[in-house]
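Please read the following points with the sequence and the model open beside you. They are meant as a colleague's note for someone meeting this structure for the first time.

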Amino acid sequence: MTDTPSPIPFGKPQLDESAFDAVRTVLESGMLVHGTVTPAFEEAFAARIGAKEAVAVSSCTAGLHLTLFVKGIGPGDRVAVPAMTHVATAHSVELVGAEPVFVDVDPATGNMSPAALEAVDGPLAAIMPVHYLGLPCDMDRIRAVAEAKGAFILEDCALAVDATWDGLKAGTLGLAGSFSFYPVKHMTSIEGGMVTTNDSGLATQLRKRRAFGYNRALGERTRPGIYDVDTLGLNYRMSEVEAAVGLTQVARMDEFQAARRSNDAALRAILTRIDGLTLFPDRHGKALSSHYCLNAVLPKDGSVSRDVVVDGLKARGIGSSVHYPGPVPLFTYYSDKYGYKSGDFPVAEWLAEQTISLPVGPHLAPGDAERLGNAFREAYMEGSK
């Protein structure tokens, strides 16, 4: 009897004994927040990214929202965001009362189209490039627009840990960048995120206003429970348990990233031989990807059914995903509020209909990338019938 191969999920957190030991140490200490582990995690992550400062927060969305909030973005301001992204990018703009200005994306990369951004009329207070699936945007042209309009750049780095543009890592390419540590991302802290910046003044305000706007942090209070609040703030702190897990993950990033590069190369070698299939690049100009996943783009004419391909992969025990199910401006909330309609963002609409995201993470066992590639080829043929 032939053993059934184990399923390959789209993503799976990689937690070893060091993570369990770190959590146990925090729990036994009784210091679950306001401890020393979160600052240590911030320092380690900043060093990894090459940023002067890193500020731990409760999620990437919280980091985006908090940065806009601290920068005073609000009603009357306009912020450029790509049409193809997770809805969190646009939501963070909406939550401060500003208007998201949606920009179509580049068909070769899925990133914010520099040409479409350059064509935006009127003022912009900020530009939020999203490094789509971990491949950095064209930061030279985006910076030029930002300078011309007097806007600051806030990078959405949810999928871009270790991605580089012209040798510099994502999260150091604008005023600030926000990262995600959701369980299936490059690394995890269970939940949580991090804002990186080279602006120490901004970092100070982010730390203060992620914790209600207290004028004194817990360790700075001369008498317990005595403090003042001199600015508006939120509760976007990271717990010590989450930071402990994150700290162990930073230590394993070289291992994780080597596996991602290897798996991507093995899978890409098989899929490049499939007629009619397009693969998003892992490098483009000055951009080098973080290898979050491999995005396969089906023929634009619809001759291959994505549903059939995805079902075929599932039947073979292969997990996949879609990034993303539709352009954000065509989601009901945004289309109802701003009047966007089908056809307004043709590239984003096409990608939403024709892409399949395939796993390349470190959870893949030896031989899994080849198995995945062969399964995709079979499912692709089924979808072509």
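1. Helices (H or I, at least four residues) and strands (E, at least two) are DSSP runs, numbered from the N terminus. This is a predicted model, in which local features need pLDDT of at least 70 and side-chain atom pairs count only at pLDDT 80 or more, while totals for chains, interfaces and linings use all residues. Residues are numbered from 1 along each chain as its sequence is written, and side-chain values use heavy atoms, with hydrogens and water left out.

2. The loop between α10 (306–315) and α11 (332–338) contains Y324, and this residue is joined to H323 by a cis peptide bond with omega of about 10°.

3. Taken as a whole, the chain holds 13 helices and 14 strands, and its C-alpha atoms fill a box of roughly 70 × 55 × 35 Å along the principal axes. Of its 385 residues, 55% count as buried, where buried means under 20% relative accessible area, exposed over 50%, and partly exposed in between (1.4 Å probe, protein chains only).

4. An open sheet of seven strands, with mixed pairing, has the order β1-β9-β8-β5-β4-β2-β3; two strands are taken to pair if DSSP finds at least two bridges between them. The edges are formed by β1 (53–57) and β3 (99–103), each of which has a single partner strand, so one side of each is left without a neighbour in the sheet.

5. Two residues other than glycine with positive phi deserve a look. H34, in the loop between α1 (17–29) and α2 (37–49), has phi near 65° and, at 40% relative accessibility, counts as partly exposed. F212, in the loop between α7 (200–209) and α8 (240–250), has phi near 70° and counts as partly exposed at 32% relative accessibility.
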